[in-house]
Amino acid sequence: MQTAESRPAPPRLPPHDPGTPALSVVDMHTGGEPLRIVLAGCPEVAGPTLLAKRRYMRQHLDHVRRRLVHEPRGHRDMYAAVLVPSELPGAHLGVLFLHNEGYSSMCGHAVLALGRFALDFGLVAAPPAGAREARVHIHCPCGLVAAFVECEGGRSLGPVRFHSVPAFVLAADLLVDVPGHGKVVVDIAYGGAFYAFVSAEKLGLDVCSAKTRDLVDAASTVTEAVKAQFKITHPESEDLAFLYGTILTDGKDAYSEEPTTNLCVFADEQVDRSPTGSGVTARIALQYHKGLLELNQTRAFKSSATGSVFTGKAVREAKCGDFNAVIVEVSGRAHYTGTASFTIEDDDPLRDGFLLK
């Protein structure tokens, strides 16, 4: 047994700029997709609403994103979350999502992880004794999302599910001229963020076996083609009116008890290791729109990158502006991987991070 004298001293921070607080983080992953949650060290993010805070961080605090996500502290495919107060009375927390290029409007894998984190770190009250699930209201830039966290004795167990904002189809069976591939049929759907969906087979690839580089190149070409040829609009906010990325699928959209496989490439060619929570939301909305799914019919979605699986189902119909929409339930498992404190030396020319192309 260790005595008080023999216990190691708390870790010291290395030499650093005393005027720049260390960024203290908890790292998690959901289905292999990382999430770096900031505990302390981020300056106050100003703004009366969450979308205003998102704009403020982009304009005034983007160096924090780069320090968290980019090398040498992160990597091209790192993802992070900054927790902020929400203006919504029912929200337990607000969150800004950070990726290699900027700021997302929704992130399902992060919501699944944040559900566990909020319970375990006391951001929500523990449920009554004997309760097997805690409810966490998370205000995302796209709106309020409810997460349901399996728990025991007030601590999370791992499985989490969430109910999405209204998800809808913006364009079905859209013909897009994709360089190198000619006219390709693409669907565009919203699950808190907009994605283009296309069967990888239409691009001459097998999403289950092709090299990741080839899938990334093909998906990025589709994304740029859609951006050039189709205007993305959202009925409630211009802040949400952008194409986040392209999801390549195995084309198995008709209902089956077997998982359907996909790979999401978003932001600046960032590859999601998970099946993509907001992508599953949008894909469920697309399948429901096409009459391929019924309410409360569960499908499994598999990541071609890691083999991890989320499940999803449309739980009820809704509206988003004039669009017919559905509320989608997405389920997955999140895990803790560690903690860290990131420091800055003011004479470091790479202190704000860099990315290799």
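Student: At what angle do helix α1 and helix α2 pack, and how many Å apart are their axes?
Tutor: Two packed helices are described by the angle between their axes and the distance between the axes. In this predicted model, α1 spans residues 50-60 and α2 spans residues 62-69. Their axes lie 5 Å apart, and the packing angle is about 80 degrees.

Student: Which residues in α2 are met by residues in α1?
Tutor: By class, this contact has two nonpolar, two polar and three charged residues. From α1 come Met57, Arg58 and His60. Their counterparts in α2 are Asp62, His63, Val64 and Arg65.

Student: Where is Pro72 found, and is the peptide bond from Glu71 to Pro72 cis or trans?
Tutor: Pro72 is in the loop between α2 and β3 (80-84). Most peptide bonds are trans. The bond from Glu71 to Pro72, however, has omega near 5 degrees and is cis.

Student: Which strand pairs with β6 in the antiparallel sense, and over how many bridges?
Tutor: Strand β4 (residues 93-98) runs parallel to β6 (residues 133-140), and two bridges join them; there, Gly94 stands opposite His139. The antiparallel partner of β6 is β7 (residues 143-152), with which β6 forms a hairpin that has two residues between the strands. The answer is β7, over eight bridges.

Student: What is the volume of the largest cavity?
Tutor: The structure holds one cavity of 30 Å³ or more. The volume of the largest cavity is about 70 Å³.

Student: Which residues lie nearest the centre of the largest cavity?
Tutor: The lining consists of 13 residues, and the elements that give two or more residues to it are α3 (108-120) and α5 (277-289). By class, the lining has six nonpolar, five polar and two charged residues. Nearest the centre lie Cys107, Tyr195, Asp272, Thr276 and Ser278.

Student: What is the phi of Glu269?
Tutor: Most residues other than glycine have a negative phi. Glu269, in the loop between β13 (260-266) and β14 (270-271), is not a glycine, yet its phi is positive. The value is about 55 degrees.

Notes
Residues numbered from 1 in each chain as written. Predicted model: local features only at pLDDT ≥ 70, side-chain atom pairs only at ≥ 80, totals over all residues. Heavy atoms only, no water. Pairing = 2+ DSSP bridges. Helix = DSSP H or I, 4+ residues; strand = E, 2+ residues; numbered from the N terminus. 1 Å grid on protein atoms, 1.4 Å probe; cavity = no way out; pocket = protein on both sides within 12 Å on 5 of 7 lines; lining within 4 Å. Points joined across faces, edges and corners; volume = space filled by probe spheres on them. Nonpolar A, V, L, I, M, F, W, Y, C, P; charged D, E, K, R; others polar. Axes fitted to C-alpha atoms, helices over the stretch in contact; angles between N-to-C directions. Contact = heavy atoms within 4.5 Å.
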